[in-house]
Each structure stands twice: as structure tokens, then as C-alpha cells.
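These are reading notes for a colleague who has the model open.

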Amino acid sequence: MTNVNAISKIRARRKKQKSTQEIVTAILSGNMTALSQAITLVESKNPKHLEQANAIIKQCLPHANQSVRIGITGVPGVGKSTFIEAFGTYLTGIEKKVAVLAVDPSSSITKGSILGDKTRMEDLVKNENAFIRPSPSGTSLGGVARKTRETIILCEAAGFDTIIIETVGVGQSETAVHSMVDFFLLLKLAGAGDELQGIKRGIIEMADMIAINKADGENLKSAKLAKVEFNRALHLYPIKASEWQPKVITCSAIKKEGMEAVYTIISDYLKLTVDNSYFYKKRNEQNKFWLLQTIEDRLKSEFFNRINIKKELEKQLNLVENNETTPFVAAEYLLGIKD
């Protein structure tokens, strides 16, 4: 028979919420449970949780900004999770603390997300110097979770010196990730066709390095040829504002080959951009961008959550559907509604 007292104690423990100060103190001491709880608060849509999350972030901010932020993207099937596990394992092996923020695509129909990155990185997830946090992309820009920026701050405050952000690799997310990382890595496959033709130029222009993955076995020869082709292509692009010439390498994540070369290139990039002050200039520009983005998101959220807008929006959608008004006239009407 189930112990009623035990159940009551468990429920009471669940109901008891930790104070902001308790969570912050635990995060600063490197407590992973507290870090996970804080990220959950950040991702919550509950107004009370948002208020506590903002208080936590404010207290963590002075302890942040001491990490290297790396964005990793590539089409599905390129081996992002395997690469991140191999690279993350290499980094922890040279005494780095690595936080992986893996954004899983949410279904546009059910809004659900598999969140399978922890199962795909089964070795790294056991590493005491690594932290993996899969998050659903939701409806935010290109599949980048809306609160990733705040999560970065929390991870930095917890002592992680390397933050890896994995995008869903569907095209739009690269823009958002590029606006929150220091170094942008594009994973490619040799001989995979030109499925990225429509967005390839934009992605390559953003990339600081192209790593051709799965360069092993029968793929080795085609990977080396692809490296030559991409090197030629990169020299056709204008010099970046960072003064950095993007590099192309081959690697095999499954065999854990090429990880040291990736780290060396990232280190060279950081030395160059810190020396010429581009590193700090870019972070300042990113902060300004996210200030404006946050204002835009908040205004949008508040607008659609207004009771009178919810009522009138349904009417205007019906009018548009029945061709009794245009989307532009309907939008002007809704925007003109006063509280």
C-alpha cells in the first residue's frame, strides 16, 4: 500500500519554490540542477516565472560574458550532434567546460518537439564538465529558441567557458544564431548535391569556417575535392569586417578526427579579432540588436494578448477570408484600437 505521508511530503517539496537568491547562489557555485531550473523559468510563459527569471538573469549578468560562443549549423544528416559530441569531448579533454544549447525543431502542427539531442550525445551527457540543454524552437525566428540569449548568460555564470549553439539547420535560424555567437561554423557533406543553393551564399558569407564532415572511408577523396572547391569559392567573397579569411577543413566526427584542427582555427580567429577589437565591437552590436528584438517581441506579445484585440482579430480574419476587407485595412483597424 502506498505511503500517504510519503506522497504528501513529495507534493509539499514540489510546491516549495526556491528563492531567487537561492537559485543564483547555486548557479554561481556550478550547481547543474539550479542551472536547469533557472533555464526552465526563462523558457516559461508564466508571468510569475518570467519575473523571477529576469531577477535571476540580472544577478547573473555581472558573472557572464567570459565564454567563447560558437554557432554550429548544417543541413539535417550532416552529423551535427555527432560532431558536437566529438568536439565537446575534445574540449573537456583540454579542461574546458562546455555547455551545448541544442535547439530542436518544433512541429508547426502539434507544436511538439522530440528533444533527442541528449540521447544522440550519450557520452558527452555523462561528462561532468559538459551540460546539454535541448530546447524546442517554438515559433521563434528560424527555429532558434526565444530565450537562448538569456540561457547563454546563465551558463556563463555557472562557469562554462565554451557555449555551443546548434541550429536546426533549416535556413532561417542561421541569421538568429549568427547574431548571438562569436564564431560561426558551417558543417558540410561532400557530394551531397546542391540542396542549399537558394540560401548557400548567405550561409557561406556568415561562416568563419567550413568543416566537411564524414571525411572517412570512401568519402575521403570526395571530401578533399570539396575542400579545394570551397576554398576557391571563399576567395571570391569580399574580406570580412573582422579581417578574417574563412578556413575550410575536412574532419570525421564519427572517428573523432580533425577536432584539434577545429579548435586551433577557432583560437586563431579569437586572437585576431580580440587584437583588432572586432570581437568586442561585434558583441556590442549584438547586444543592441537583441535590445531592439526584445522590444519587438514584447510589443507583439502584449498586442496579441489584449482581450479586445483577441475579439476583434477573429472578426477581421473572417472578413479577410470572405473578401470583405483586405489584410492591410484589417491590420490598420486593429492597430488603431485603443484600450
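**Notes on the model**

1. Phe304 has a relative accessibility of 38%, so Phe304 counts as partly exposed; buried is under 20% relative accessible area, exposed is over 50%, and partly exposed lies in between (1.4 Å probe, protein chains only). Phe303, at 17%, therefore counts as buried. The ring centres of Phe303 and Phe304 are 5.2 Å apart and their planes stand at 80°, so this pair is edge-to-face. Rings of Phe, Tyr and Trp (its six-membered ring) pair if their centres lie within 6.5 Å, with planes under 30 degrees apart counted as stacked, over 60 as edge-to-face and the rest as tilted.

2. On sources: this is a predicted model, in which local features need pLDDT of at least 70 and side-chain atom pairs count only at pLDDT 80 or more, while totals for chains, interfaces and linings use all residues. Residues are numbered from 1 along each chain as its sequence is written, and side-chain values use heavy atoms, with hydrogens and water left out.

3. The chain has 14 helices and seven strands; helices (H or I, at least four residues) and strands (E, at least two) are DSSP runs, numbered from the N terminus. Of its 339 residues, 43% are buried.

4. Among contacts (heavy atoms within 4.5 Å) with a separation of 6 or more, 73% are between residues 24 or more positions apart.

5. The largest nonpolar core has 34 residues, and Phe83, Phe87 and Val100 have the most contacts inside it. Such a core is a set of buried Ala, Val, Leu, Ile, Met, Phe, Trp, Tyr and Cys residues joined through side-chain atoms within 4.5 Å. Elements that each supply at least two residues of this core include strand E1 (68-73), helix H5 (80-93), strand E5 (183-189) and helix H11 (259-275). H11 gives the largest share, six residues. Apart from this core lies another, of 33 residues, including Ile57, Cys60, Cys155 and Met180.

6. Beyond its neighbours within four places in sequence, Phe83 is in contact with Ile72, Leu185, Leu187, Cys251, Ala253, Met259 and Val262.

7. Is E5 mostly covered or uncovered? E5 is mostly covered, with six of its seven residues buried. E5 runs parallel to E1, joined by four bridges, and parallel to E6, joined by five; strands pair if DSSP finds at least two bridges between them. Ile70 stands opposite Phe183 in E5, and Leu185 stands opposite Met209 in E6.

8. The whole structure holds eight aromatic pairs. For Phe131 and Phe160 the centres are 6.0 Å apart and the planes at 40°, so the pair is tilted. This pair links distant parts of the chain, 29 residues apart: Phe131 is in strand E3, and Phe160 is in the loop between helix H7 (148-157) and strand E4 (162-166). Both Phe131 and Phe160 are buried.

9. Ring pairs also join Phe183, Trp244 and Tyr269 into a cluster. Lys247 lies over the face of Trp244, at 3.9 Å from the ring centre, and Lys97 over that of Phe160, at 4.8 Å. A charge sits over a ring if NZ of Lys or CZ of Arg is within 6 Å of the ring centre and within 35 degrees of the ring normal.
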